[in-house]
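Reader: I should like to go through this structure with you. Could you take my questions one at a time?
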Amino acid sequence: MEVSSKTRNMLEGLVREGSFKWLLGKRSSFDDEFEEMGRSPSAGTNWIQELSPLANIVVRRCSKILGITSSELKESFNAEASESIKHPSRYARNFLEYCCFRTLALSTQVTGHLADKKFRRLTYDMMVAWEVPAVSSQPLVNVEKVAAFEVDGDATVGVEAFSRIAPAVPIIANVINSENIFEVLTSSTGGRLQFSIFDKYITGLERVIKKMKTQSESSILSANRSSRGEKILELDGTVTTQPVLEHVGISTWPGRLTLTDHALYFEAHRVVSYDKAKIYDLSADLKQVVKPELTGPWGTRLFDKAVLYKSISLSEPIVLEFPELKGHTRRDYWLAIIREILYVHRFINKFQITGVERDEVLSKAVLGILRLQAIQEISTANSVRCENLLMFNLCDQLPGGDLILETLANMSTLRELDRTNSSAAGGGMYSISSLAMISNLGFVFGPSSSNSNEAGLVVGEIAVGDTSALERAVKESRNSYKKVVLAQETVDGVKVDGIDTNLAVMKELLLPVTEVGQWLLSLAYWDDPMKSSVFCMVFAVVICKEWLGYALALMLVFLAIFMVLTRCFSQGKPVNEIKVIAPPPMNTMEQLLAVQNAISQVEQLIQDGNVFLLKLRGLLLTIFPQASEKFAVALLLMALIMVFVPSKYIVLLIYLEIFTRYSPPRKASTERWMRRLREWWFSIPAAPVILEIEKEEKKKK
């Protein structure tokens with residue numbers, strides 16, 4: 001009774017002083033309940049001493065939905081949770097998560113819960129309370145925290161709270177891409193999520209779900225989709241001003257494009273109807289490739305607004321063009337969602353996922369596309385990177401994304417889910433699954449999804465007070481991705497324009513290698529006979545003693561020591577920048593001439609290479625017997641030497657031959673023999689070549 005009286009006095013004092021109004025700037029969603037708790041006779045028994053006032057109010061709402069008191073929730077948590085989860089330093093937040101996850105798992109089973117304003121507010125307030133779960137974390141006495149805690153007079157949410165609570169409702173977010181969703185939602189609010197934006201996002205989700213239901217329940221492609229129960233995810237080309245163009249060979253047809261959770265369907269326009277749909281199955285293992293493509297009139301490549309699709313089932317690739325006045329946002333969106341369905345089926349086929357687990361994985365991709373559609377409806381940003389908001393697209397890009405998918409595959413079996421559920425903090429501490437979520441929204445995935453709840457598939461990807469294997473894999477991948485981004489920023493910063501400028505930079509970078517090469521050439525040409533003699537004798541001894549491996553290892557050791565010493569002496573000092581003298585600027589004509597000159601040089605190199613290969617072909621096929629006989633004798637002598645002479649002596653002879661050919665005693669004879677060798681090579685005719693131009697038959701539709 002003493003604790004109850006103390007709690008009631010504290011509540012009444014806070015209500016009287018208006019502490020919550022001071023915290024949130026204006027009357028918030030917490031005020032009425034807070035005042036009601038202050039006046040309630042049972043305030044003491046329902047008040048959790050370890051929790052902050054905000055967290056207590058959220059727990060009180062949860063207890064009403066679950067039909068038990070806050071104290072009974074606390075007793076249940078204490079009975080189910082492990083000792084590490086109940087540690088005093090983590091108790092408040094873990095208990096709050098326990099109440100939130102249990103409540104959300106029950107609330108999402110109610111039909112139309114997204115339209116319920118109380119559900120939206122509760123989900124958001126859970127995130128608000130997550131940031132200040134304990135009495136010690138309540139920011140009532142810290143002005144700086146309050147400034148970060150409120151924007152425009154309303155409580156705001158940070159990325160950690162969103163990433164922790166939102167994935168408990170799979171339609172709102174997913175563990176893999178929750179941070180990316182948060183970044184898009186907060187792009188105009190300085191990295192803090194406001195309730196108005198969160199509410200607008202949920203409203204967008206509700207609209208796209210209704211749209212998906214309407215499309216899937218319509219008669220579009222019903223005959224083709226009935227066997228697999230496919231759901232229509234997107235439809236385009238129904239408006240004549242924005243058609244989808246299919247290019248096959250030189251033929252182009254406008255039509256309607258439909259994406260389901262298994263395939264692409266294209267129906268060419270007729271006068272008042274559509275042709276029979278062409279089906280491009282994304283669920284089969286057909287070595288399929290989907291990538292952006294350029295299109296244009298008469299086969300030109302001018303407009304970056306198309307998607308290329310090819311597979312082993314097609315004789316030639318097809319190109320789907322999405323015309324728009326400027327940009328390629330429409331194409332990027334379709335490219336991302338087509339790839340998402342393709343990638344999820346690759347994932348299913350790779351890990352041989354079947355049954356309920358297959359429906360669960362497929363539902364994750366479907367929910368991701370729904371989230372993307374909702375964000376596109378409400379986003380004020382000029383362009384949303386669609387691939388960052390779709391989990392299988394994102395895993396394809398992230399470093400270590402394959403490890404994320406492997407972890408997801410391990411979590412996809414019922415055995416693994418049940419084992420994880422029992423080995424963690426206890427049953428009921430996990431969020432609802434994606435399959436159960438999408439089933440509650442009114443969709444059925446395959447014959448097994450209707451029994452998903454009975455099969456015990458109520459396990460999600462997050463656990464109370466613990467970091468799941470999937471969360472750990474995502475965190476490691478994101479840390480690696482941040483390093484890649486930082487490295488890429490340095491790469492983008494050093495890129496320069498112009499062939500002459502890039503050549504000047506490359507010349508400066510290769511200066512140490514160039515100097516070493518010039519030094520070696522100076523030794524090889526015996527410019528300083530003393531140095532060349534010492535170098536020649538030292539390496540001759542190394543070869544005779546078979547110390548080449550040790551010499552190479554010693555060079556690598558010296559290089560490693562140089563790097564270590566450089567780091568030790570350069571700590572705290574700015575990085576030495578490479579200074580390059582920029583060449584004089586060139587006008588457009590000079591740049592074109594430089595490009596033409598470079599192309600001519602490359603062409604000359606290719607021609608010389610072809611001549612060498614044709615002469616070698618003539619020698620090997622004895623097209624010219626006189627030259628081939630000499631060549632065959634030389635090959636025979638080389639073979640005999642390799643058989644009867646030890647390899648180290650062969651290496652020594654080759655080294656001495658190459659290195660001493662320009663020494664004073666051998667220089668005259670070397671020049672004479674090199675001249676004879678060139679004359680012999682120039683005397684060999686090239687093998688004949690006949691160029692045939694293939695006649696292409698024009699394809700007619």
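This is a predicted model: local features need pLDDT of at least 70, side-chain atom pairs count only at pLDDT 80 or more; totals for chains, interfaces and linings use all residues.

Reader: Which helix holds Phe198?
Author: Phe198 belongs to helix α12, which covers residues 195-217.

Reader: And is Phe198 buried or exposed?
Author: Phe198 counts as buried, because its relative accessibility is 0%.

Reader: How far is Phe198 from Leu185 in space?
Author: The C-alpha atoms of Phe198 and Leu185 are 7.7 Å apart, and the two residues are 13 apart in sequence.

Reader: Let us move to Val184. Where does it lie?
Author: Val184 sits in helix α11, residues 178-185. Its relative accessible area is 22%, so Val184 is classed as partly exposed.

Reader: What does Val184 touch beyond its sequence neighbours?
Author: Not counting residues up to four places away in sequence, Val184 touches Ile375, Ser379, Val384 and Leu389.

Reader: What share of contacts in the whole protein joins residues at least 24 apart?
Author: The share is 66%, taken among contacts between residues at least 6 apart in sequence.

Reader: While we are on totals, how many helices and strands are there?
Author: The secondary structure comes to 28 helices and 10 strands. As for burial, 42% of the 701 residues in the protein are buried.

Reader: Is Asn56 buried or exposed?
Author: Asn56 counts as buried, because its relative accessibility is 0%. It lies in helix α5, residues 53-66. Setting aside neighbours within four places in sequence, Asn56 is in contact with Asn46, Trp47, Ile48 and Leu51.

Reader: Turning to helix packing, at what angle do α23 and α27 pack?
Author: Helix α23 (residues 529-544) and helix α27 (residues 647-660) pack at about 170°, and their axes are 9 Å apart. The two helices are therefore roughly antiparallel to each other, the cut-off for that description being an angle over 145 degrees. The crossing of α23 and α27 is right-handed.

Reader: Which residues make that contact?
Author: From α23 the contact involves Ser532, Phe535, Cys536, Phe539, Ala540, Ile543 and Cys544. From α27 it involves Lys648, Val651, Leu652, Tyr655, Leu656, Phe659 and Thr660. By class, the residues of the contact between α23 and α27 are 11 nonpolar, 2 polar and 1 charged.

Reader: What follows α23 in the chain, around Glu546?
Author: Glu546 lies in the loop between α23 and α24 (548-570). Its phi is near 60°, a positive value in a residue other than glycine. With a relative accessible area of 53%, Glu546 is exposed.

Reader: Where does Lys287 lie, and what is its phi?
Author: Lys287 is in the loop between β7 (278-281) and β8 (289-295). Its phi is positive, near 50°, and the residue is other than glycine. Lys287 counts as exposed, because its relative accessibility is 58%.

Reader: Now α25. What span should it have, and how far apart are its ends?
Author: Helix α25 (residues 588-620) has 33 residues, which at 1.5 Å a residue should span 48 Å; its end C-alpha atoms are 48 Å apart, so the two values agree. Thr622 follows α25 and has a positive phi, near 50°.

Reader: Which residues of α25 are buried, and what covers them?
Author: Lys615, Gly618 and Leu619 are buried in α25. The cover over the buried residues of α25 includes α26 (625-644) and α28 (667-682).

Reader: How do α25 and α28 pack?
Author: They pack at an angle of about 80°, with their axes 11 Å apart. α25 and α28 are therefore roughly perpendicular to each other. Phe612, Lys615 and Leu619 of α25 make the contact with Trp680, Trp681 and Phe682 of α28. By class, this contact of α25 with α28 has 5 nonpolar residues, no polar ones and 1 charged.

Notes: Residues are numbered from 1 along each chain as its sequence is written. Side-chain values use heavy atoms; hydrogens and water are left out. Axes are lines fitted to C-alpha atoms, for helices over the stretch in contact, and angles run from 0 to 180 degrees between N-to-C directions. Helices (H or I, at least four residues) and strands (E, at least two) are DSSP runs, numbered from the N terminus. Angles under 35 degrees count as roughly parallel, over 145 as roughly antiparallel, 65 to 115 as roughly perpendicular and the rest as oblique. A crossing is left-handed if the near helix is turned anticlockwise from the far one by less than a right angle, and right-handed if clockwise. Contact means heavy atoms within 4.5 Å. Ala, Val, Leu, Ile, Met, Phe, Trp, Tyr, Cys and Pro count as nonpolar, Asp, Glu, Lys and Arg as charged, and the others, Gly among them, as polar. The expected span of a helix is 1.5 Å times one less than its number of residues. Buried means under 20% relative accessible area, exposed over 50%, partly exposed in between (1.4 Å probe, protein chains only).
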